[in-house]
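Hi everyone, thanks for coming.

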2 protein chains.
Amino acid sequence: MANENKITLAGLAKLASVSTSTVSRALNDNPLIKKETRERLQALAKEHNFSLNRAASRLRTQKTNVVAVILNLTDSTDQSISDPFLLKVVGDLNQELNQMGYELLLSNSLMATEDWANYFISSSRADGIIVIGQGKSTDNIEKVANSGAPLVVWGDPIGLSNYSVVGSNNELGGYLATKHLIEGACKNILFLGDPEHAEMSERHKGYIRALTEFNLDVRRNLTLSCDITSKAAYDKIAAAILEKGLFFDGVVATSDMVALGALKALKERYIGIPSDVGIVGFDDIAMAELLHPSLTTIKQDTKSAAKIMVQQLVKQLNGQAAQSTVIDIELIERNSSRTH
Amino acid sequence: MANENKITLAGLAKLASVSTSTVSRALNDNPLIKKETRERLQALAKEHNFSLNRAASRLRTQKTNVVAVILNLTDSTDQSISDPFLLKVVGDLNQELNQMGYELLLSNSLMATEDWANYFISSSRADGIIVIGQGKSTDNIEKVANSGAPLVVWGDPIGLSNYSVVGSNNELGGYLATKHLIEGACKNILFLGDPEHAEMSERHKGYIRALTEFNLDVRRNLTLSCDITSKAAYDKIAAAILEKGLFFDGVVATSDMVALGALKALKERYIGIPSDVGIVGFDDIAMAELLHPSLTTIKQDTKSAAKIMVQQLVKQLNGQAAQSTVIDIELIERNSSRTH
DNA sequence: TTGAAAGCGCTACCAA
DNA sequence: TTGGTAGCGCTTTCAA
């Protein structure tokens, strides 16, 4: 079925009685080659099922047309690997990279080496790196940045960094979520999430800003630190209620998955949503509108984010400087919170 | 910050006053080289931040150590791209591939070319291909199989195929889901899903088998054909009820996301779950146990599946034949169905 | 508009 | 246990 020996560019050249230069140019659509010749050779290549050997052309051109995408996981729990939001970002990046002629090499921070620039760039595995999530420590990311490798990070674009960060306006998101609950007459609003995380800490700042602005007592700290998984949120809420009763009437969750965990813990205790407790999530994953009650949340526009991340990376691949970019967020009002 | 010119293996050899052969062997941990020499050279490489150029070694060895993973999407809706189950499979494959020394090149079926073997294998982009999902047509997959390229497919392992398929026992899953509802006293059980899909059609067979076995009337066909997305399921259920009222008391959903859409449509109409209608999903995505009520479902063991898929692929990469494998499934009883 | 030829950086055969 | 060296398949400079 398969042809005997894989044909090479040289073989194709012989078949067509032209030089390898000509075939190479023709297959790369180089306008130097007469259009007829180009088309003839392209047809011949297709006929013989020939594809350029990328290993060879990468070696020769010193360019891979591959981008490494690193899921920067905080811990190794299954849950965080499969957060639909992160995976959605990967999917959108894949689309966008393909469109720009790049392939996506998927990786995660649990890999053996910590020297990402060396592993991916020096070794010619990829031309650039996109890191999804700043995690709790940005050491590895900074190492890449210092190496000068093309790099874009999905994270918090507000804080200072010497590399290009694309991310939502997390502070504003936290603020809007909290304000929305306050305007729905919530008085004791819980912040549920991990303030050590760069992005989450910004959301927390927004939460504090809203409380302050509306003269709610900030000192009674209703911040419940918890990992960014549904399970952790579920456990935290359950434990908190067991210990202190229902001491809150609103929850600002740091992600939709966290909100989901909280929602379950509350519903199991027959606490009315939103009548007793209003909840706002963050991300707007597909599931948010399908929950019952549907989840009010802060939507992150992953499509635009992916487009901009790729743009910023391509800029660097072309030797230009890249900036950090703030992506607009939007409050999506649904049924898990009272309207005002 | 970065060293002037990127150092090569030859440069390193000169520095160490040994031959390039020795350095190459040392860095590849070849036991031919004396242990001391090996360690000395590895240390030197680390010190100079040297990584082997993969483009070069791939060209030389004709091996990439890369596996292309193709998400075989049925349509281009955002929803199906972001089905948490598919993405979970990708995540598990990534872990497993890394462990075996392979990298994961992520792709999807929306790419320009349809000749996957040519694009990935002939071009030396990857050594093998894993396709996630058989979709409605297996034409592209069969083309790869016929080319002789190493290939493993996540799909329905029961039906005949001339390539290695790894997948759950879908027929049994459909059967168990249906039986469970029947034993919970459901009399009119809806099958919600797309029977054109290879995997879904097996689940449908299991559904029919259970109905038959328990003497329920199979002729009154309660199969509601619907795309594998929450949105589609939601719309279908809503439309069906509008037209015919609540003519069913059980739903076998073809995936958890489909179950989620059905759940929402029912709850919005104040239909009790499981008192009025019992629901069983398929997949056991993370969210299933966090829904309210938590979702009874057929668990697919993606961890084992990923391990076996990689094993079967590696077999082929080593020139051995690979088989299809059936992964065990398990009914996870939760609160969306009545217990018996 | 096309061709000749050098060489990208590595590996593995053969020799020592 | 180590070294010399050919060559993987392509691109691109220089020449025609």
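Let's begin with a term: two strands count as paired if DSSP finds at least two bridges between them. Keep in mind, too, that this is a predicted model.

Now for an example of a bridge. Which residue in β9(A) is the bridge partner of A:Val252? That partner is A:Val280. Step back to the strands themselves: β8 (residues 250-253) and β9 (residues 278-283) of chain A run parallel, and three bridges join them. In general, strands of a sheet pair through backbone hydrogen bonds, either parallel or antiparallel.

Let's zoom out to the whole sheet. It is an open sheet of six strands in chain A, ordered β7-β6-β8-β9-β10-β12, and its pairing is mixed. At the edges sit β7 (223-225) and β12 (329-332) of chain A, each pairing on one side only. From one strand to the next, the twist averages 15°.

Helices come next. Helix α11 of chain A, residues 230-244, packs on the sheet and touches β6 (189-193) and β7 of chain A. The direction of α11 makes about 145° with that of β6(A). Helix α12 of chain A, residues 256-268, lies across β6, β8, β9 and β10 (296-300) of chain A, and runs at about 155° to β9(A).

Now let's turn to the DNA, starting with strand C. How many residues surround DNA strand C? There are 26, and the closest are A:Thr22, B:Leu9, B:Ser24, B:Arg25 and B:Arg60. Of the atoms of DNA strand C that come within 4 Å of the protein, sugar and phosphate account for 62%. For a backbone example, an N or O atom in the backbone of B:Leu9 lies 2.4 Å from a phosphate oxygen of DNA strand C. The bases take part as well: an N or O atom in the side chain of A:Ser21 is 2.9 Å from a base nitrogen of DNA strand C.

On to DNA strand D. A backbone N or O atom of A:Leu9 is 2.5 Å from a phosphate oxygen of DNA strand D. The side chain of B:Arg25 has an N or O atom 2.8 Å from a base oxygen of DNA strand D.

Technical notes
Residues numbered from 1 in each chain as written. Chains lettered and ligands numbered in written order. Predicted model: local features only at pLDDT ≥ 70, side-chain atom pairs only at ≥ 80, totals over all residues. Heavy atoms only, no water. Helix = DSSP H or I, 4+ residues; strand = E, 2+ residues; numbered from the N terminus. Axes fitted to C-alpha atoms, helices over the stretch in contact; angles between N-to-C directions. Contact = heavy atoms within 4.5 Å. Near = heavy atom within 4 Å. Polar contact = N/O pair within 3.5 Å; in protein donor to acceptor, adjacent residues only side chain to side chain.
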